[in-house]
Amino acid sequence: MTNNAQSPELTDGFHLVIDAMKLNGIDTIFTVPGIPITDFTRMAQAAGIRVISFRHEQHAGNAAAAAGFLTQKPGICMTVSAPGFLNGLTALANATTNCFPMILISGSSEREIVDLQQGDYEEMDQLAIAKPLCKAAFRVLHAQDIGVGIARAIRSAVSGRPGGVYLDLPAKLFGQTMDAEAGKKSLIEVVDPAPRQIPAPDAVQRALDMLKGAKRPLILLGKGAAYAQVDADIRALVETTGIPYLPMSMAKGLIPDNHDLSASAARSYVLAEADVVLLVGARLNWLLSHGKGKTWGGPNAATRQFIQIDIAPTEIDSNVAIAAPLIGDIGSCVSALLAGMGANWSKPPADWTGAITERKDKNLAKMAATLTLNPSPMNFHGALGAIRDVIKARPDAIVVNEGANTLDFARSIVDMYQPRKRLDVGTWGIMGIGMGYAVAAAVVTGKPVIAIEGDSAFGFSGMEVETICRYNLPVCVVVFNNNGIYRGTDVNASGGADVAPTVFVKGARYDKMMEAFGGVGVHATTPQELTLALNAAIASGKPTLINAVIDETAGTESGRITNLNPKSAALKK
Ligand code: ADP
Ligand code: TPW
Ligand code: MG
């Protein structure tokens with residue numbers, strides 16, 4: 001037990017929280033200090049916890065969420081009361097939406113004053129506000145309950161479907177003292193925080209029977225499958241069955257994207273044609289067109305059957321009927337399927353796999369031709385072709401990706417070869433995750449990080465380049481600078497002096513932002529310059545920002561989700 005509270009026989013709230021964290025293997029905190037947690041961050045650092053201090057709580061929160069996804073341990077974000085708490089809340093809600101385990105711990109003002117609305121410093125009923133936006137929310141009022149509070153927060157974050165948890169710690173709690181020995185006894189080391197959930201044998205058999213009867217089977221891998229860290233079994237499932245698979249964007253690399261059975265380059269074909277679809281840790285939400293409509297049309301639309309592996313039973317039938325739900329943790333479900341398959345599982349009919357290969361080859365050839373065009377000014381393909389080759393040579397590098405065109409093109413052009421190497425805007429398509437995710441990826445893995453950022457997307461978290469420089473993290477940010485949101489060519493329809501809402505300062509030099517804090521800034525106008533700078537950044541491990549100048553006419557409105565833009569009824573007439 002840390003023992004520098006007021007008296008050798010006493011401990012206090014500060015130290016109990018720190019000791020509870022250490023007891024549970026929490027070694028990093030992402031934070032912005034201030035009343036009432038400033039001393040906490042100092043003491044945590046003194047006690048050997050890594051404290052990464054940000055410039056804005058949203059990015060500290062995003063870092064915690066990414067750390068949770070990468071490690072299966074809840075990422076910890078710690079903030080001050082009211083405004084700091086609210087800044088962290090977007091990240092907490094986003095983590096919950098994406099099923100990433102994190103804990104937002106916020107200091108709060110005095111309950112007696114808050115509840116009577118007497119106007120305390122940073123007064124806010126934080127617990128009530130957090131509750132609907134996360135998986136669970138707790139408040140600890142007494143020092144002797146800190147152990148229970150931390151244990152419940154950890155369990156809630158990582159067990160079952162992972163998600164965000166809010167833990168409210170009033171300022172007064174930190175200074176509360178209690179007997180050191182009793183304090184030590186009050187702490188809980190969480191045993192088996194994310195218990196395995198074994199699927200029922202009849203559910204396994206139902207899934208196997210359905211898969212066996214399939215003529216045009218397809219496996220869809222989602223980020224739940226990446227999170228589960230059972231990479232070898234998932235690869236064995238695909239290879240043993242010989243079933244073509246599609247990775248959702250954060251499941252890219254779980255099996256190398258250049259694998260024979262990857263159907264990514266024939267995506268629309270396989271979604272339309274498949275007769276039995278096995279979902280592994282992927283939800284049938286908007287990213288999969290809700291499992292219906294044009295995307296899922298084709299001759300088998302009426303009879304298509306879904307098998308869904310998920311840890312959350314209520315996910316089943318959320319959009320379409322699921323014929324074979326398989327409820328359990330992905331590791332247990334996949335190994336049960338493998339065990340049930342036996343040695344002579346017959347591979348899918350050759351007309352199915354052959355038709356996919358044919359389309360793949362055609363689309364890949366088309367893509368290769370586009371990538372070699374190299375127009376000037378540089379377009380998305382030129383720049384991403386360069387990044388694609390660098391990643392191929394450094395498959396251990398982690399890619400962070402946000403933007404619209406910058407996101408959609410990078411997802412299809414930049415192949416991934418290892419699991420959990422791609423972090424992006426996820427379920428919400430949220431902008432602003434860039435620098436937070438990049439910091440977390442660098443801190444928890446020590447691997448090179450390449451953040452592929454639209455110029456708009458980068459702006460949401462751009463100030464954190466100072467954080468990247470301060471901790472000297474091996475992060476290379478590539479800003480795809482096309483002078484605006486989607487493109488830089490919109491005009492103000494009124495003819496007034498203001499530029500259009502989607503247009504930024506032309507020819508901005510984002511590279512200077514990194515230079516301002518001692519990092520390396522590069523202005524790149526060709527794929528060759530980009531390749532050189534990126535390789536240098538990876539070799540040196542120095543914080544780098546490459547301002548990649550992209551043709552401002554090259555992008556399309558909303559990237560690939562133009563169809564989700566509401567149309568003006570007046571203009572349609
Ligand atoms: P994607 O966006 O890649 O399609 P989603 O976030 O929509 O992925 O889906 C992830 C799913 O994985 C969630 O429904 C979640 O409940 C599930 N999941 C997460 N971890 C596990 C696990 N260890 N075992 C089983 N299911 C899991
Ligand atoms: C929190 C809306 C979606 S994509 C985008 C915005 C503002 C930026 C696109 O421009 P960018 O990319 O990054 O320059 P590119 O290559 O197409 O030019 N606020 C939040 N989340 C979202 N999704 C938005 C706004 C949006
Ligand atoms: Mg842009």
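Start by selecting R283 together with ligand 1: an N or O atom in the side chain of R283 sits 2.8 Å from an oxygen atom of the ligand. That pair is a polar contact, meaning two N or O atoms within 3.5 Å; within protein, one must be able to donate a hydrogen and the other to accept it, and residues adjacent in sequence count only if both atoms are side-chain atoms. Taken alone, ligand 1 exposes 580 Å², and the protein buries 96% of that. Accessible areas here come from the Shrake-Rupley method with a 1.4 Å probe, and for residues only the protein chains shown count as cover.

Before moving on, a word about what is on your screen. This is a predicted model, in which local features need pLDDT of at least 70 and side-chain atom pairs count only at pLDDT 80 or more, while totals for chains, interfaces and linings use all residues. Residues are numbered from 1 along each chain as its sequence is written, chains are lettered from A and ligands numbered from 1 in the order in which they are written, and side-chain values use heavy atoms, with hydrogens and water left out.

**Stop 1: around ligand 1**

Stay with ligand 1 and show its shell. There are 19 residues around the ligand, and the closest are R161, K223, R283, D310 and I330. A residue counts as near when one of its heavy atoms lies within 4 Å. Now pick K223, where a polar backbone atom is 2.7 Å from an oxygen atom of ligand 1. G281 also takes part through its backbone, with an N or O atom 3.4 Å from a ligand oxygen.

Next, colour helix α11 (residues 223-227), which gives three residues, the largest share of this shell. Helices are DSSP runs of H or I, at least four residues long, numbered from the N terminus. Colour the shell by type and you will find eight nonpolar, six polar and five charged residues. In this scheme Ala, Val, Leu, Ile, Met, Phe, Trp, Tyr, Cys and Pro are nonpolar, Asp, Glu, Lys and Arg are charged, and the others, Gly among them, are polar.

Where does ligand 1 lie relative to domain 1 and domain 2? Select 10-186 and then 201-357: both domains give residues to the shell, so ligand 1 lies between them. The domain bounds come from an automatic or database domain assignment.

**Stop 2: around ligand 2**

Jump to ligand 2, which is surrounded by 16 residues, the closest being N405, T406, G429, D455 and A457. Zoom in on N405, whose backbone places a polar atom 2.8 Å from an oxygen atom of the ligand. S456 has a backbone N or O atom 2.9 Å from a ligand oxygen, and A457 has one at 2.9 Å as well. Ligand 2 taken alone exposes 590 Å², of which the protein buries 75%.

Highlight α17 (405-413) and α19 (455-459), each of which supplies at least two shell residues. α19 gives the most, with three. By type, this shell has seven nonpolar, eight polar and one charged.

**Stop 3: T96**

Select T96 in helix α4 (residues 82-98). Its side chain reaches the backbone oxygen of L92 at 2.8 Å.

**Stop 4: E466**

Finish at E466, in helix α20 (residues 465-470). Leaving aside neighbours within four places in sequence, E466 is in contact (heavy atoms within 4.5 Å) with R55 and F517.
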